[in-house]
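Q: Can we go through the aromatic rings in this one? Structure first, please.

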Amino acid sequence: MNNTWAIYIVLTLLQTPASIITAKGQLSMGLDLGYDHNRLHTDVSNRSYTSNHPKAGFFAGIPLQYFFSSRIALLAEPSFAQKNSLIKRTGPFTGIYASTINNYWQLPVMIRFTFAHAAAFGFYVDLGLYTAYWSGGRTNGATPAILNIYDSVRANGEIDEYFRLVQYDTKKQFDTRRDQRFESGWVSGAGISYQMSRHYSLFVQARYTQSLTDQQKKYMANQAPRYNETYYITMGILFRL
């Protein structure tokens, strides 16, 4: 008898109002837009007065969601993401920098677990894996012009030499010996959805991806690996097919 009541309580807690959550077997499709913040994890300690900074980018995706039950769904989202980076130099090298935009096409595949509901609002978490392809990019910045040096005379008569800085903006030229264009890793996220009607819902979510593959191939000894770590804040709409 006690076991019967325990099973009944668990099943009751797992139930969700039919007016809020979608039915088993439902397929939905939508649009997801937002902002991402990428940090390129790499070691720059061998370069004096050099620091590595995160940089913002753009994200767009087309989520496809299939509910196996009222609580569990499979989610795939073909998407475009910029995974940008910024290297700056300080001290005597102040003014030298390299700002890079990296464009990726990626496909995360996740399991979505839907939990609490209040009125038409729902809360969910996602967990899965992703694969991505580095399609292109650009780098702009400032670098010393080593053939354009000028002198500055101090009050005590000593002479300091300075490099003039040259601005540049170049398109990424991939090197098959060095660049690893395929990326894979894991993805997690959480969000809040709002059921507008039987067929449409809005959502706002945060997501995180961590690359498990180096951005470079092993082309030299003692090279510093480069891994993308990306945070996303997005919002979008899903409609029932």
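A: Ring pairs first: rings of Phe, Tyr and Trp (its six-membered ring) pair if their centres lie within 6.5 Å; planes under 30 degrees apart are stacked, over 60 edge-to-face, the rest tilted. This is a predicted model, where local features need pLDDT of at least 70, side-chain atom pairs count only at pLDDT 80 or more, and totals for chains, interfaces and linings use all residues. Residues are numbered from 1 along each chain as its sequence is written, and side-chain values use heavy atoms, leaving out hydrogens and water.

Q: How many aromatic pairs by this rule?
A: The count is 11. In one of them, Trp186 and Tyr208 have ring centres 5.3 Å apart and planes at 55 degrees, so this pair is tilted.

Q: Which strands hold Trp186 and Tyr208?
A: Trp186 is in strand E11 (residues 182-195) and Tyr208 in strand E12 (residues 200-211), so the pair ties together parts 22 residues apart in sequence. Strands are DSSP runs of E, at least two residues, numbered from the N terminus.

Q: Is Tyr208 buried or exposed?
A: Buried, at 14% relative accessibility. The cut-offs: buried is under 20% relative accessible area, exposed over 50%, partly exposed in between (1.4 Å probe, protein chains only). Trp186 is partly exposed at 33%.

Q: Which residues form the aromatic cluster?
A: Tyr104, Trp134 and Phe174 form one cluster.

Q: And which charged end sits over the ring of Phe174?
A: That of Arg181, 3.7 Å from the ring centre. The rule: NZ of Lys or CZ of Arg within 6 Å of the ring centre and within 35 degrees of the ring normal.

Note on methods:
Helix = DSSP H or I, 4+ residues; strand = E, 2+ residues; numbered from the N terminus.
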